[in-house]
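Visitor: I have a structure to go through with you. Could you take me through it step by step?

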Amino acid sequence: MLDLQKTKEELNTRMILLQERADEMKGSLRSEHSQNFSEQAHEREDDEVIERLEAEANAEIASIKAALVRIEEGNYGACSNCGEDIQEKRLEILPFTSRCIDCAQ
Ligand SMILES: [Zn+2]
C-alpha cells in the first residue's frame, strides 16, 4: 500500500530542492560577457549548459506539481494513459511519474 502522506512530503522536499537549484543556476548566468572572443565563446557554452540544467529542473518541478495535484484529487498512482495502476516499485523510483511502465516506453 502506498503511503501518500510520505510520498507527498518527499515530493515537496524534492520540489524545494529543485527550486533552490534552479534559482542558483539563474543567479550564476552571466549578465555581462567578456570582450575576448574565445573567452566569450566559453562563457556562452557554460551558459547553455546552465540553461539546459535549469530547464530540466523546471520540467521536473512541473511534473512534481502535477503529481501533488493528483494526490489531492485522489487519482495518484493511476496511469494517465491507460488508467491502470502504476507499479509501486516504479513510483518509489519516480514518484512524479504519471504513466505506467508500458505506456512510458
Ligand atoms: Zn499505462
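Visitor: Where is confidence lowest, and where is it highest?

Guide: Confidence is lowest in helix H3 (residues 88–93), at a mean of 93, and highest in helix H4 (residues 101–104), at 96. These values are pLDDT, the predictor's confidence in each residue, from 0 to 100. Helices (H or I, at least four residues) and strands (E, at least two) are DSSP runs, numbered from the N terminus.

Visitor: What is the mean pLDDT of the protein chain?

Guide: The mean is 93, and 100% of the residues reach 70 or more. This is a predicted model: local features need pLDDT of at least 70, side-chain atom pairs count only at pLDDT 80 or more, and totals for chains, interfaces and linings use all residues. Residues are numbered from 1 along each chain as its sequence is written.

Visitor: How many helices and strands are there?

Guide: The protein chain has 4 helices and 0 strands, in the pattern α-α-α-α along the sequence.

Visitor: What is the radius of gyration of the chain?

Guide: The protein chain has a radius of gyration of 18 Å, whereas a compact globule of 105 residues would have one near 13 Å. The radius is taken over C-alpha atoms, and the globule rule is 2.2 Å times the number of residues to the power 0.38. Along its principal axes, the C-alpha trace spans about 60 × 30 × 20 Å.

Visitor: What percentage of the residues count as buried?

Guide: Of the 105 residues, 11% count as buried. A residue is buried if 20 or more other C-beta atoms lie within 10 Å of its own, exposed if 12 or fewer, and partly exposed in between, with C-beta atoms placed from the backbone.

Visitor: Which residues make up the largest nonpolar core?

Guide: That core has 5 residues in all: Met 15, Ile 64, Ala 67, Tyr 76 and Phe 96. A nonpolar core is a set of buried Ala, Val, Leu, Ile, Met, Phe, Trp, Tyr and Cys residues joined through C-beta atoms within 7 Å.

Visitor: What is Met 15 in contact with, leaving aside its neighbours within four places in sequence?

Guide: Met 15 is in contact with Ile 61 and Ile 64. Two residues are in contact if their C-beta atoms, placed from the backbone, lie within 7 Å.

Visitor: Turning to H1, does it lie largely in the open or largely buried, and why?

Guide: H1 lies largely in the open, because the number buried is 2 of its 25 residues. The helix covers residues 4–28 and reaches 36 Å from its first C-alpha to its last, close to the 36 Å expected at 1.5 Å a residue. The expected span is 1.5 Å times one less than the number of residues.

Visitor: And Leu 4, is that buried or partly exposed?

Guide: Leu 4, which is found in helix H1, is partly exposed because 13 other C-beta atoms lie within 10 Å. Leaving aside its neighbours within four places in sequence, Leu 4 is in contact with Ile 71 and Tyr 76. Leu 4 and Val 69 are 65 residues apart in sequence and 12 Å apart in space, C-alpha to C-alpha.

Visitor: Now H2. Which of its residues are buried?

Guide: Ala 57, Ile 64 and Ala 67 are buried in H2, and the buried residues of H2 pack against H1. With 37 residues, H2 reaches 54 Å from its first C-alpha to its last, close to the 54 Å expected at 1.5 Å a residue.

Visitor: What follows H2?

Guide: Gly 74 follows H2, and its phi is positive, near 80°.

Visitor: Is Ala 55 exposed or buried?

Guide: Ala 55, found in helix H2, is exposed, with 12 other C-beta atoms within 10 Å. Asn 58 is also placed in helix H2 (residues 37–73) and is partly exposed, with 14 other C-beta atoms within 10 Å.
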